[in-house]
Amino acid sequence: MSATASPAPRRRTSRLGWNVLGLLVFATAGFPVYWMLDTAVKPAKDAIDPDPSLLPTGFTLANFRRALAIADFWGPVGRSLVVSVSVVLIGLVVGTLAALAISRFAFRGRKVVIVGILAVQMVPLVAMIIPVFLLLNDLGQYDKLPGLIITYLTFILPFTVWTLRGFIVNIPRELEEAAMVDGCSRTGAFLRVVFPLLAPGMVATSVYGFIQAWNEYLYALMLLSQEHQTATVWLGNFTTKNGTEYAPMMAGATLMAVPIVVLFLIIQRKMAAGLTAGAVKG
């Protein structure tokens with residue numbers, strides 16, 4: 001009797017251990033966000049206190065007013081939105097077509113293309129900044145948003161193609177063949193059968209691309225002048241020769257996080273479905 005009852009306490013202990021581990025991971029990942037929000041709403045003098053308190057010491061919106069007043073906040077945010085949305089839309093269209101070609105068609109050099117996609121993702125972004133600068137300068141796209149969009153696509157497209165390929169491979173070919181037997185063309189079969197099943201994966205991939213383009217700093221700093229700066233570069237205005245205004249900077253970072261949070265809240269269900277749809281081979 002005792003032998004059959006012993007697994008239950010072990011399971012409870014194991015579950016408790018995993019719960020504690022999950023709470024530790026959550027606290028580790030969530031603490032920077034909490035500290036950003038706490039610093040954003042506390043008085044500026046408390047943000048530079050050498051002995052800071054982990055608990056909120058005050059509440060003020062002066063930091064947000066300061067962030068909105070410095071160096072035209074809405075201009076950089078608008079440019080970041082234009083760049084991020086353009087990267088997502090272009091990346092989805094081109095990436096979906098490329099992933100479909102790699103997944104559904106056999107052509108010479110197919111394996112080379114797949115290996116090339118993986119190889120591009122392994123190259124450090126900082127290693128490409130000088131060639132990218134010289135190329136955009138020769139094309140007349142330096143200090144222009146289209147040039148920055150093209151640059152972002154070079155490292156977001158490979159991930160998009162590779163991820164969408166995994167989703168398309170897990171969609172049975174028989175579904176397309178059945179639709180074509182019923183009179184659909186190959187394009188019609190894709191739009192009516194594959195595309196709806198691929199939608200969750202496209203949502204998950206687009207969120208990744210949007211976050212990457214929205215948060216990118218190095219290329220935006222090197223390829224755009226201050227007149228055309230994006231939101232991430234705009235945050236650098238809080239660091240001057242007199243020091244760093246940490247409280248307004250955290251308020252600005254909080255404002256920058258709002259579009260990401262809103263986007264995630266809108267499509268969180270589709271994103272969760274997309275992250276798990278490709279996990280099991282169909």
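This is a predicted model: local features need pLDDT of at least 70, side-chain atom pairs count only at pLDDT 80 or more; totals for chains, interfaces and linings use all residues.

Trainee: What average pLDDT does the protein have?
Mentor: pLDDT is the predictor's confidence in each residue, from 0 to 100. Here the protein averages 83, and 93% of the residues score at least 70. Helices are DSSP runs of H or I with at least four residues, and strands are runs of E with at least two, numbered from the N terminus.

Trainee: How many residues does helix α2 have, and where does α2 bend?
Mentor: The expected span of a helix is 1.5 Å times one less than its number of residues. Helix α2 (residues 7-41) has 35 residues and should span 51 Å, which agrees with the 49 Å between its end C-alpha atoms. A bend is the angle between axes fitted to the seven residues ending at a residue and the seven starting there. In α2 the bend is about 40 degrees, at glycine 30, with proline 32 following within four residues.

Trainee: Which residues of α2 are buried?
Mentor: Buried means under 20% relative accessible area, exposed over 50%, and partly exposed in between, using a 1.4 Å probe and protein chains only. In α2 the buried residues are Met36, Asp38, Thr39, Ala40 and Val41.

Trainee: How many salt bridges are there in the whole structure?
Mentor: Side chains of opposite charge can pair when their charged atoms come close. The cut-off for a salt bridge is a side-chain nitrogen of Lys or Arg within 4 Å of a carboxyl oxygen of Asp or Glu. The whole structure has four. In one of them, aspartate 38 meets lysine 42 at 3.3 Å, N to O. Aspartate 38 is buried at 3% relative accessibility, and lysine 42 is buried at 2%.

Trainee: Which residue forms a salt bridge with glutamate 176?
Mentor: Its partner is arginine 104, with the closest N and O atoms 2.5 Å apart. This pair links distant parts of the chain, 72 residues apart: glutamate 176 is in helix α9 (residues 173-181) and arginine 104 in helix α5 (residues 74-104). Glutamate 176 is buried, with a relative accessible area of 6%, and arginine 104 is buried at 8%.

Trainee: How many aromatic pairs are there?
Mentor: Rings of Phe, Tyr and Trp (its six-membered ring) pair if their centres lie within 6.5 Å; planes under 30 degrees apart count as stacked, over 60 as edge-to-face and the rest as tilted. The whole structure has 11 such pairs. Phenylalanine 31 and tryptophan 35 are stacked, because their ring centres are 5.8 Å apart and their planes at 25 degrees. These two are four residues apart in helix α2, which means about one helical turn separates them.

Conventions:
Residues are numbered from 1 along each chain as its sequence is written. Side-chain values use heavy atoms; hydrogens and water are left out.
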